[in-house]
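Please keep the sequence and the structure in view while reading.

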Amino acid sequence: MGEMDGKKVQLSGMFSQLVSRMTRRSRQRMANGVFEDLTGSINVLIFPAVYAENEQKLSVDEICTIFARVIITEGEAPELMVDDVGEYYPKKAEKRLYLRIEEREAALMGQIKEELCSHSGGCGVRIVERRTGKTFELREKADVCEPLLMTLRQMLGNENVGVK
């Protein structure tokens, strides 16, 4: 556990508790709280400079991303010293275009790649070779739209084109 001490981490979740107070010496605001995600919760410390910079983002029950350092003190539960608070940007589920072909032949692969290039986008394309069961990913990425799907279905058959 000691090897984690001082490590920088990034977590997305929410503050379930947040208690702000004034420091004794400088009379600046800071906070203690609990940050939780779907896997558990951990105590957090937010020192004055970070508190001042992020005061508007420090809300209970609002999803956010924190950037923090792990603090391990012997005999105590680990906690996080927050360095920054940011907005939460969920990852978009990546879709893939799946194409099943009988076997990998140059002419067919050329036609598929040509069609994918004319509908270039961000979706990965995976081809499954029915005869051998091998799967491979193409470098070309596609914009999965109805015109592309129609053309591929005409070329390969309805049952051999799918998006997951």
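This is a predicted model: local features need pLDDT of at least 70, side-chain atom pairs count only at pLDDT 80 or more; totals for chains, interfaces and linings use all residues.

Because Glu102 lies in the loop between strand 6 (96-101) and helix 2 (106-117), and Arg130 in the loop between strand 7 (120-129) and strand 8 (135-137), the pair ties together parts that are 28 residues apart in sequence. Glu102 is likewise partly exposed, with a relative accessible area of 46%.

The side chains of Glu103 and Arg131 also meet in a salt bridge (3.5 Å, N to O). This pair links Glu103, in the loop between strand 6 and helix 2, with Arg131, in the loop between strand 7 and strand 8, 28 residues apart. Glu103 is partly exposed at 35%, whereas Arg131 counts as exposed at 56%.

## Other charged pairs

The count comes to 6 salt bridges, among them one between Asp83 and Arg69 at 2.9 Å, N to O. Asp83 lies in strand 5 (residues 79-86) and Arg69 in strand 4 (residues 63-71), so this pair ties together parts that are 14 residues apart in sequence. Asp83 is partly exposed at 25% relative accessibility, and Arg69 is partly exposed at 31%. Arg96, Arg126 and Glu137 are linked in a network of salt bridges.

## Cysteines

A search of the whole structure finds 0 disulfides. The sulfur of Cys117 is too far for a bond, because the closest cysteine sulfur, in Cys145, is 13 Å away. Cys117 counts as exposed, at 51% relative accessibility, whereas Cys64 is buried, with a relative accessible area of 5%.

Methods: Residues are numbered from 1 along each chain as its sequence is written. Side-chain values use heavy atoms; hydrogens and water are left out. A disulfide is a pair of cysteine sulfur atoms within 2.5 Å. Buried means under 20% relative accessible area, exposed over 50%, partly exposed in between (1.4 Å probe, protein chains only). A salt bridge is a side-chain nitrogen of Lys or Arg within 4 Å of a carboxyl oxygen of Asp or Glu. Helices (H or I, at least four residues) and strands (E, at least two) are DSSP runs, numbered from the N terminus.
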